[in-house]
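User: I would like to learn how to read sheets, cores, interfaces and helix packing in a structure. Please start with strand pairing.

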Amino acid sequence: MKTHTFDVEAIRKDFPILKRTVNGKPLVYFDNAATSQTPIQVIDTIVDYYSRYNANIHRGVHTLSQEATEAYEKARETLRAHLNAKEAAEIIFTAGTTHAINIVASGFEPFLKASDELLVSEMEHHSNIVPWQMLCEKTGALLKVIPMNDVGELDMLAFDQLLSQRTKVVFCNHVSNALGTINPIKEIIDKSHTVGSAVLIDGAQAAPHFKADMQALDVDFYTLSAHKVCGPTGVGLLYGKREWLEKLPPYQGGGEMIVEVSFAKTTYAGLPHKFEAGTPNIAGGIAFGAAIDYMNQIGFDVIAAYEHELLEYATTELKKIEGLRIIGEAAQKASVISFNVGAVHPYDIGAILDKLGVAVRTGHHCAQPVMNHFEVPGTVRASFAFYNTKEEIDILVEAVKRAVNMLQ
Amino acid sequence: MNNPRSINEIQDEIIDEFSMFDDWMQRYEYMIELGKSLELIDEKYKTDDYTIKGCQSKVWVFAELEDQFIQFTADSDAIITKGIIALLLRVFSGQKPQDILDAELYFIDQIGLKEHLSPTRANGLLSMIKQIKLYAVAYQTQIEP
């Protein structure tokens with residue numbers, strides 16, 4: 001087995017943005033769960049595409065088009081290998097996770113009737129709630145919620161009771177964006193399959209931290225966004241088992257997704273093109289592949305171990321602040337910490353941290369049901385990536401103390 | 001109650017006050033103090049009808065016409081937002097509806113707090129300013145039907 005060595009200072013040199021200052025202070029970037037930063041290798045890939053072989057893919061006979069097609073399909077293969085999908089045709093390029101979820105949710109419309117049920121976890125991002133609610137409005141199917149406990153773990157006993165022959169789709173995130181909880185998705189997938197339900201796992205927040213194996217998980221659908229794994233914004237992927245992707249109707253009509261068009265009838269293209277209408281984000285797709293290559297070169301085992309160290313350190317240090325309450329203390333967590341201090345509003349803390357050069361996210365994190373559960377208006381969320389350091393965590397802790405002093 | 005000073009006179013006065021501060025810390029500390037001293041909206045108006053929901057913080061705003069002049073009261077759940085509200089109300093409360101409609105708001109930029117009015121902050125302040133103008137439109141039509 002290949003062993004990876006980890007030198008965070010060397011890695012930081014790959015990220016030009018980490019050199020900048022904000023409000024006169026060195027940038028401390030802890031908003032990685034929203035968007036990760038981009039290494040020079042990925043930036044170069046985008047520049048190289050536009051400088052050397054920018055062309056529309058799949059139908060051109062000229063050299064540039066062929067080079068672009070080759071690079072785009074190579075990226076698809078990189079992503080297939082990364083996720084251990086059976087075939088590259090099961091990897092659909094999308095605009096991101098939200099788009100991917102919408103493809104699946106709208107695709108289920110013909111298969112649902114009013115007596116059917118869908119199960120959603122209480123800790124979903126709005127993007128994995130709203131498309132399904134829209135589907136329920138159209139079909140009359142019922143949306144049921146898998147509750148969570150007070151440390152932010154799913155109540156699996158409740159899940160067992162909710163699951164029935166009426167359940168048609170179960171959807172849940174692999175890692176919660178608001179809490180950092182790593183969900184027991186293998187158990188969810190296996191149990192859902194015993195009643196014949198399909199399962200969609202939103203992997204947007206898991207992908208930056210660890211690899212997911214599609215065949216081992218036996219998951220029906222899995223989604224990813226490139227901009228959370230050191231890639232560009234506006235591109236992501238939908239993994240779907242071939243049998244499901246063939247069953248679902250296309251999401252959008254247009255070029256690229258057809259075999260033959262006449263005004264009487266159109267025949268749809270096979271996978272993956274059936275779901276890729278129109279000219280895709282070609283540079284984005286290629287750079288998505290480059291980003292996954294970059295992370296694999298560092299090694300996800302090394303990334304996970306280092307990030308865990310950062311999480312433990314930050315948890316211990318933040319807890320020393322009087323009145324600080326961590327929201328979400330699941331036993332299995334990715335490197336995300338949501339917190340509040342006393343009655344201080346998260347917006348106020350975030351505004352002062354920004355003045356001190358520390359970028360965190362504040363608010364409801366597009367997961368209002370989670371905020372309602374914990375009865376908070378929002379939280380401050382610090383999320384760590386493999387290019388962050390303990391020294392930066394020290395700066396965060398000092399900055400939070402300073403903010404709270406000013407605000408209380 | 002009529003505010004004897006014009007909207008622009010008050011804006012200039014605020015700019016003058018803030019020019020005494022050397023750095024952002026002092027500005028923010030002052031804002032926080034202002035937030036704490038804000039004359040609050042009557043609790044009975046802190047309902048959904050008067051709520052402006054930002055992604056980040058909530059704002060409540062209420063207005064009534066007293067003898068041709070609009071009196072505003074407001075609140076927010078975030079203290080820095082509340083500080084900016086205190087400044088906005090100082091500018092707009094006690095003014096005539098037409099003067100509010102004609103007003104150009106320039107003081108926030110000049111005192112270095114413009115990031116709080118950025119749409120990405122989603123703190124409800126932009127919507128609050130819009131709401132203040134809407135109240136002014138509504139009361140203007142009451143005065144001159």
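Analyst: Two strands pair if DSSP finds at least two bridges between them. Strands (E, at least two residues) and helices (H or I, at least four) are DSSP runs, numbered from the N terminus. This is a predicted model: local features need pLDDT of at least 70, side-chain atom pairs count only at pLDDT 80 or more, and totals for chains, interfaces and linings use all residues. Residues are numbered from 1 along each chain as its sequence is written, while chains are lettered from A and ligands numbered from 1 in the order in which they are written.

User: Which residue stands opposite A:Val120 in β7(A)?

Analyst: A:Phe171 does. The strands concerned are β5 (residues 117-121) and β7 (residues 167-173) of chain A, which pair in the parallel sense over four bridges.

User: What is the strand order of the open sheet of seven strands in chain A?

Analyst: The order is β4-β10-β9-β8-β7-β5-β6, and the pairing is mixed. β4 (91-94) and β6 (142-146) of chain A each have a single partner strand, so they stand at the edges and one side of each lacks a neighbour in the sheet. For angles, axes are lines fitted to C-alpha atoms, for helices over the stretch in contact, and the angles run from 0 to 180 degrees between N-to-C directions. With direction ignored, neighbouring strands of this sheet are turned by 20 degrees against each other on average. Helix α7 (residues 185-194) of chain A lies across β7 and β8 (198-202) of chain A, at about 175 degrees to β7(A).

User: How many strands does the open sheet of chain B have, and in which order?

Analyst: The sheet of chain B has three strands in the order β1-β2-β3, with antiparallel pairing. Its edges are β1 (51-53) and β3 (69-76) of chain B; each has a single partner strand, so one side of each is without a neighbour in the sheet. Here neighbouring strands are turned by 25 degrees on average, direction ignored. Strand β2 (residues 58-66) of chain B and β3(B) form eight bridges in the antiparallel sense, and B:Val59 stands opposite B:Ser76 in β3(B).

User: Which helices pack on this sheet of chain B?

Analyst: Helix α3 (residues 79-92) of chain B touches β2 and β3 of chain B, and its direction makes about 180 degrees with that of β3(B). Helix α6 (residues 125-143) of chain B touches β1, β2 and β3 of chain B, at about 20 degrees to β2(B).

User: How is a pair of packed helices read?

Analyst: Two packed helices are described by the angle between their axes and the distance between the axes. Helix α1 (residues 7-18) of chain B and α3(B) pack at about 145 degrees, with axes 8 Å apart. Two residues are in contact if their C-beta atoms, placed from the backbone, lie within 7 Å. In this pair, α1(B) contributes B:Ile7, B:Ile10, B:Gln11 and B:Ile14, and α3(B) contributes B:Leu87, B:Arg90 and B:Val91. For residue classes, Ala, Val, Leu, Ile, Met, Phe, Trp, Tyr, Cys and Pro count as nonpolar, Asp, Glu, Lys and Arg as charged, and the others, Gly among them, as polar. The contact of α1(B) with α3(B) divides into five nonpolar residues, one polar and one charged.

User: How should I read a nonpolar core?

Analyst: In soluble globular proteins, nonpolar side chains tend to be buried together. A nonpolar core is a set of buried Ala, Val, Leu, Ile, Met, Phe, Trp, Tyr and Cys residues joined through C-beta atoms within 7 Å. A residue is buried if 20 or more other C-beta atoms lie within 10 Å of its own, exposed if 12 or fewer, and partly exposed in between. The largest core has 149 residues; among those with the most contacts inside it are A:Val104, A:Leu237 and A:Ile286. Helix α10 (residues 282-298) of chain A gives the largest share, 11 residues. Domain bounds come from an automatic or database domain assignment. Domain 1 (8-30 + 299-407) and domain 2 (44-296) of chain A both give residues to this core, so it lies between them. Residues up to four places away in sequence aside, A:Val104 touches A:Leu200, A:Phe221, A:Leu238 and A:Leu248.

User: How many residues of chain A are in contact with chain B?

Analyst: 13 residues of chain A are in contact with 13 residues of chain B. The largest share of the chain A side, five residues, comes from α12(A).
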